[in-house]
Amino acid sequence: MATASSSSSSDVKLDTALHIKYIQNLDKRQDLAYHLTSHLRLNGIYWGLTAAHIMGQPNTLDREGVIEYVLSCWDDEAGAFGPHPGHDGHVLATLSGIQIMLMEDAIDRIDVGRVTQFLLDRINDDGSVSGDTWGEIDTRFTYICLSSLSLLGKLDQIPQQKRDSIIEYIRKCKNFDGGFGRVPGAESHSGQVWVCTAALSILDRQDLIDVPLLGAWLSERQLPNGGLNGRPEKLEDVCYSWWCLASISIIGKLSWINRDKLINFILGAQDLEDGGIADRPGDWVDVFHTIFGLAGLSLLGYPGLEDIDPVYCMPAKLIDKLVLRKPYAALERMSSYP
C-alpha cells in the first residue's frame, strides 16, 4: 500500500480513466446500471472533468461531446438543466452544467438569462431555497443557488431583502456545536457544514461562523486511521476528505488536521491496477470518491496536483480568472508536501 512518506506522485496511480471512459460511452443503454444512475449523469461528468483538471489533464474528455451532452440536458420548460436528457430541471444539475461549461470555456452557449431567473425563483421568502418547482428545501440547495449565481456573475441579482433572508436562514441552521444542518433544528453534518460555510463565504458573511468551535468539531471528525467522518460515531469515508477539509480550509484551520494520516488514508483507498479511489480501502472505486479524494489531496498540497478552490470545488486557476477567489482560499492551502 502506498504511503505519503515513501511515494512520489509518479509512484501513485491517481487515474480516473475507467470512470471517464464509462461516462463517455453513453451507448450502454442495455446496462441496468446506466439507467439506475441516470439521475447522476451530469454530476458524474462534472466529477470526472474536475478530477482531470486536478491531475493536470483538462483535455481528457472530448470537449464538443461533453458540451453537446450538457446542452441535451436542457429543460426548456423550466429554463434549467436536468441530470439527463428528458429529466426535469433542478438546481443541482444546473450547477454541474454551469461548472462544466465554464471549464470547457462554453458558458456563452447556455441561456444565462433564463438560468438566472430559474435560480432566483428558487429563493423562498423565508430565505430557504428549493431544489426545483416541487419545493423541497435543503441548505445544499442554498449553496448551489448562490454558487451558480456567483459563477454566472449574477449574484447581485438577488434582491437585498432575499439576500438578508438567506443569511438569516443559514444562521438558524447553525447548531450548538458550531456546525450546520440541512434545515433549522437538524443535526450537524460535514456535508451541510461545507455548503453553509461556503455559502457564507460567497456572501462575505463569515462573521456568522464560530471559527474555534466549528474548527474543533471538524478536527474531531478525524479518526485514528486518518480518515474523516461526517458525524460523530460514523465510519470514515474518502468523500469527507473534501467536505471536512474544504470547510476547515475556508475557516483557516487546516493545520488542525493530521495531514500525513489523511494522505495515507486516501492513497490507501486507491485501486493501484485500474485506477480510481474508493470510499475506504478495499471497496470498489467510483468517480464520486475519486474526485473528492483528489480534491482533498490537492488541499493538502500533495505533489503533482493542481490547486482546487475550497469554496467552489473548481480549478483555482478558473476561479482566479473569474475574480471570485477569496483571499484566505489562496493562503490556506497547505504548502507542497515535502
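Among contacts (heavy atoms within 4.5 Å) between residues at least 6 apart in the chain's sequence, 66% link residues at least 24 apart. The model is predicted, so local features need pLDDT of at least 70 and side-chain atom pairs count only at pLDDT 80 or more, while totals for chains, interfaces and linings use all residues. Residues are numbered from 1 along each chain as its sequence is written, and side-chain values use heavy atoms, with hydrogens and water left out.

Confidence comes next. pLDDT is the predictor's confidence in each residue, from 0 to 100. The protein chain averages 90, and 88% of its residues reach at least 70. Residues 1–24 stay under 50, yet the model gives them 63 contacts beyond four places in sequence. Where pLDDT is low, the predicted coordinates should not be read in detail.

The chain holds 15 helices and four strands. These are DSSP runs, numbered from the N terminus: H or I of at least four residues for helices, E of at least two for strands. Of the 338 residues, 58% are buried. Buried means under 20% relative accessible area, exposed over 50%, partly exposed in between (1.4 Å probe, protein chains only).

S38 sits between α2 (32–36) and α3 (41–54). Its relative accessibility is 13%, so S38 counts as buried. Leaving out residues up to four places away in sequence, S38 touches P83, H84 and H87.

Last, the cysteines. The whole structure has zero disulfides, a disulfide being a pair of cysteine sulfur atoms within 2.5 Å. For C239, the nearest cysteine sulfur is that of C244, 8.6 Å away. C239 is buried at 6% relative accessible area. C145 is buried too, at 1%.
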